[in-house]
Amino acid sequence: MLDKNKVSLGIAQIAWTNDDMPDLGKENTFEQCVSEIALAGFAASEVGAKYPTDPVVLKKAMDLRGLTICNSWFSSFLITKPYAETEQAFIKSLNFLQAVGAKVIGVSEQSYSTQGKLEQPIWDGKYEMNDEEWELLTEGLNKLGKIAKDRGMALTFHHHMGTVVQTEAEIDKFMDMVDKELVYLLFDSGHLSFAGIDPEKVLKKYVNRVRHVHLKDIRGEMVKRSQTERWSFLKGVREGVFTVPGDGDVDFAPLFKILEEAEYKGWMVVEAEQDPAKANPLEYALKARKYIADKAGL
């Protein structure tokens, strides 16, 4: 069982309101979201579009419910825009996160990403970086990672469907090229499984370089449909490709065991973007919370 003194459990707000498709959960307020997160027994969330942009206001709302902010998504464009633009935006995000007590920032390279294109099948048209672009990405992230480290924070990189770091080979190359003291891995069980990669294999290889964990489950039947019917990533979300741990086909027991044996210290965050009209966020949050308590002892 994982150590409660070392591992904290959060849940992503994306189950309540979806930033990429605002019609999903448009009726759910920020206050409802964070109140239900607390009610379901979680200690934190990440940052969503409906969250207050004033860190003082946000921190007060979280403190009232015994919650904190554990991470925020950050979109980098290191291979298509000048480095200085990304650095400026990164520092702004760091400032916000530090003000609300977070220690982690989750970066995803969004140059050429297909994840947000409603009509683009997620299985087609993925961009492949050339050698120069690999250098731009990894050297840029090393610089950003140094900025984060100097401020007592950790830059974690989020491998993701539809982005330039999706496949197992790309993850391996990425981890080989970045400075392991400056850039860490955001391990996501769902994106690996969706891509046809064994999450246990990847976690076993890189567990000592993981600083943030997304617990995302998949429904295998829906993944197959997304392939045969050529769904976009966002259509897959709408149709239920993703779900919470214990409701899908990912085997989390070996993942929890690897994290336990490595004495992982940090956040594990349930992340399952679904249509809240089909999957009531509180109901699924409670389901995930019970499953993790039973299987991981948290």
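Colleague: Which residue in S11 is the bridge partner of Leu9?

Modeller: The bridge partner of Leu9 in S11 is Met268. Before we go on, please keep in mind that this is a predicted model, in which local features need pLDDT of at least 70, side-chain atom pairs count only at pLDDT 80 or more, and totals for chains, interfaces and linings use all residues. Residues are numbered from 1 along each chain as its sequence is written, and side-chain values use heavy atoms, with hydrogens and water left out.

Colleague: What makes strand S1 and S11 a pair?

Modeller: Two strands pair if DSSP finds at least two bridges between them, and strand S1 (residues 7-11) is joined to S11 by five bridges, the two running parallel. Strand S8 (residues 210-215) also pairs with S11 in the parallel sense, over four bridges, and here His214 stands opposite Val269 in S11. The names themselves come from DSSP runs, numbered from the N terminus, with helices (H or I) having at least four residues and strands (E) at least two.

Colleague: How do you know that S11 is mostly covered?

Modeller: Five of the five residues of S11 are buried, where buried means under 20% relative accessible area, exposed means over 50%, and partly exposed lies in between (1.4 Å probe, protein chains only).

Colleague: Why is strand S5 said to be largely enclosed by the rest of the structure?

Modeller: Strand S5 (residues 104-109) has six of its six residues buried, and it is therefore largely enclosed by the rest of the structure. In a regular strand the side chains alternate between the two faces of the sheet. In S5, Val104, Gly106 and Ser108 point one way, while Ile105, Val107 and Glu109 point the other way, and all are buried. Strand S4 (residues 73-76) pairs with S5 in the parallel sense over four bridges, and Ser76 has Glu109 as its bridge partner in S5.

Colleague: Why are H3 and H4 called roughly parallel?

Modeller: Two packed helices are described by the angle between their axes and the distance between the axes. The axes are lines fitted to C-alpha atoms, for helices over the stretch in contact, and the angles run from 0 to 180 degrees between N-to-C directions. Helix H3 (residues 83-99) and helix H4 (residues 131-150) pack at about 30°, with their axes 11 Å apart. Angles under 35 degrees count as roughly parallel, over 145 as roughly antiparallel, 65 to 115 as roughly perpendicular and the rest as oblique, and H3 and H4 are therefore roughly parallel to each other. The contact, which means heavy atoms within 4.5 Å, is made by Tyr83, Thr86, Glu87, Phe90, Ile91 and Leu94 of H3 and by Gly140, Lys143, Leu144, Ile147 and Ala148 of H4.

Colleague: What makes H4 and H5 oblique instead?

Modeller: H4 and helix H5 (residues 168-177) pack at an angle of about 55°, with their axes 10 Å apart, and they are therefore oblique to each other. On the H4 side, Asp131, Trp134, Glu135, Leu137, Thr138, Leu141 and Asn142 meet Glu170, Lys173, Phe174 and Met177 in H5.

Colleague: How do you know whether Ile122 is buried or exposed?

Modeller: Ile122 has a relative accessible area of 3%, and for that reason it counts as buried. Ile122 is found in the loop between S5 and H4, and it touches residues including Met161, Phe194 and Trp231, not counting residues up to four places away in sequence.

Colleague: Why is Ser193 called buried?

Modeller: Ser193 has a relative accessibility of 15% and therefore counts as buried. Ser193 lies in helix H6 (residues 189-194) and touches Pro199, Ile218 and Val250, not counting residues up to four places away in sequence.

Colleague: Why does Arg230 count as partly exposed?

Modeller: Arg230 is at 37% relative accessibility, and so it counts as partly exposed. Arg230 has its place in the loop between H8 and helix H9 (233-239), and its phi is near 55°, a positive value in a residue other than glycine.

Colleague: What makes Thr228 and Glu263 exposed?

Modeller: Thr228, in helix H8 (residues 220-228), counts as exposed at 62% relative accessibility. Glu263 is exposed with a relative accessible area of 57%, and Glu263 lies in the loop between helix H10 (253-261) and strand S11 (266-270).
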